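Subject: Handover of a structure

Dear colleague,

Please find below the structure that I am handing over to you. My notes on it follow.

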Amino acid sequence: MNDTLAISARGLTKTFGDQRAVTDLSFDLARGTVTGFVGPNGAGKSTTIRMLLGLIRPTAGTAEVLGCAIDEPRRYLSRVGALVEGPAFYPHLSGYRNLLVLTRLAQQPATRIDEVLAVAGLADRAKDSFKDYSLGMKQRLGIAAALLHDPELLILDEPTNGLDPAGIVEIRTLLRDLSERGTSVLVSSHNLSEIQAVCHRIVLIQHGRLLWSGELDELLTSHGATLTAAPEHTSDIPALATLVSTAGYRCSARDDHLEIRAPGSWAAELNRQAMAAGITLRELAMRDANLEQTFLDLTTTGAPA
Amino acid sequence: MIAAFRSEWVKLTRRNFAAGSLAALIGFSVAITSVSILRANDTGTRHGPMGQLTLTKLVTPGGWVAGLGAASTFLGLVTLAIFASNVAGEFTTGTIRSVLTVEPRRLTVLTGKTVALVTFIAGGLALAAAAVAAVAFPLASRQGIDTSAWTTTSALTEGLSTYLNVLLSCIAWGIFGATLAMLTRSSAIAIAAGVGYFLLAEQLLLNSLWPSTEDYLPASAMSALAEGGNTSISFGTALGLVAAYTLGAYAVAATVFVRRGITA
């Protein structure tokens, strides 16, 4: 058991009949961090989350959540808040009474309901039926339910689905606040710009297998950063490309410049080498790393472009 | 278990649900009591799934609440539908995953839910019994049935006995409904399967294919229990059979619930 980890998965595998949903998945989630759990549709994200929450049993492999094995979910679920595959509530009950069902089950004081409804921005709609809520309001109620028992670990599956831009910013702020208070968060989302905005770390899976896991900055630097170098004379582009290749980086020629997959820190060295080779650069810029492009590169080729 | 019980009651006290369920329990009880008293005769006749009421039975101290026993099959079907829709609804709405991420002990959840539903039905049947009494007195007077025994001290004991027998029978119906819902995870299929078996398949077995099974099959045993025993099955045998069937069904429901993954 490692006290610094909120989640530690080792070789998690889940099969449904002949179909493998998750295969030999291992990753860690450090306490107090916000980790993005990303992958294409059908990658196995929800299946993994269900295993971590004790809703389904893994076919093979093990995992620990808050230091407890996942085959004993009652030891840790009282410290975990979760929103799994969208908000699921009793349609004819009000938002308040839906949360009352859960607080009674968790033996929490009902006073907590008003607090989380206020955090979720639903205080004035608490008495309305869940079925009359908009998609965004349903999502907010799901997040409110996940916060009911002030969890140490929050597992959110697509929490910004259906939210308007203001709502997305609120959730982003909420996740940052929770992280600053020491809450660990695993957030799965298709909104990669959101993941990039709030997450420290990334777990990227495809076809049920781990594709990449680690610091978000590291991923973007190693796989996503692009330098743009434009020589004064376009005839120098092939020579510049040779310099780049010799240094071990990939590049592609555009009309009058090269796009180079290299960290920004290499820009100064490139400039020096170009000058030494008699090439004058009229432009040398670093394009911000983009998780979306990196995600597409990784999921379409399995390796950085 | 108490937490799961209290949690379940939040849903059961939803106005429309409670009103609809109670209306069904009371409505069937009153309607069948009325028909039974108005059509009662010396020999007693069975009208489909309705129990038989004879004039001899109506003049006994328990006659005032005999309509409840006559309605037991319909009350059982209502109970089956309530249990089935409650359990299957957790899967169709996906709320079961919210419930189990708060309380992962599935047997505790199932037991709390079942006990809450049983108490709800117990309350509903008590109201139904009161309604049955309210219509039985004027109808019996109109039919010229002697009701002097209905106001004796033993009338209360007999009434309580009938109520408990019907309640036990309804609990069995409900557990069957919950089990079917747990197996199918669909209210409609569970209710259709329950009604199909208890009203059609078992009647077919009894009347055409295998008449000797009347002494053993679930619907027959539950009817006999609700009636306090009948000519085919004694009260003790009915109680034993229904207890065995109910425990068996509950064991199946619990095993399926504990072992199957929650993919809803």
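Across which strands of chain A does helix 1 of chain A lie? Helix 1 (residues 45-52) of chain A lies across strand 3 (34-38), strand 7 (153-157), strand 8 (184-188) and strand 9 of chain A, and it runs at about 150° to strand 7 of chain A. Helices (H or I, at least four residues) and strands (E, at least two) are DSSP runs, numbered from the N terminus. Axes are lines fitted to C-alpha atoms, for helices over the stretch in contact, and angles run from 0 to 180 degrees between N-to-C directions. Two residues are in contact if their C-beta atoms, placed from the backbone, lie within 7 Å.

Please note that this is a predicted model, in which local features need pLDDT of at least 70, side-chain atom pairs count only at pLDDT 80 or more, and totals for chains, interfaces and linings use all residues. Residues are numbered from 1 along each chain as its sequence is written, while chains are lettered from A and ligands numbered from 1 in the order in which they are written.

Chain A holds an open sheet of six strands in the order 6-7-8-3-9-10, with mixed pairing (two strands pair if DSSP finds at least two bridges between them). At its edges are strand 6 (80-83) and strand 10 (209-215) of chain A, each of which pairs on one side only. Strand 9 (residues 201-206) of chain A runs antiparallel to strand 10 of chain A, and six bridges join them. Within this pair, Arg201(A) has Glu215(A) as its bridge partner.

Just after helix 5 of chain A, Gly182(A) takes a positive phi of about 100°.

I turn next to the two chains together. In all, 23 residues of chain B are in contact with 26 residues of chain A. On the side of chain B that touches chain A, helix 1 (2-12) and helix 6 (95-102) of chain B each give two or more residues, and helix 6 of chain B gives the most, with seven residues.

Finally, consider a helix pair within chain B. The axes of helix 1 of chain B and helix 7 (residues 106-143) of chain B come within 8 Å and cross at roughly 50°. These two helices are therefore oblique to each other (angles under 35 degrees count as roughly parallel, over 145 as roughly antiparallel, 65 to 115 as roughly perpendicular and the rest as oblique). Among the residues that make the contact are Phe5(B) and Trp9(B) of helix 1 of chain B and Val109(B) and Phe120(B) of helix 7 of chain B.

Yours sincerely
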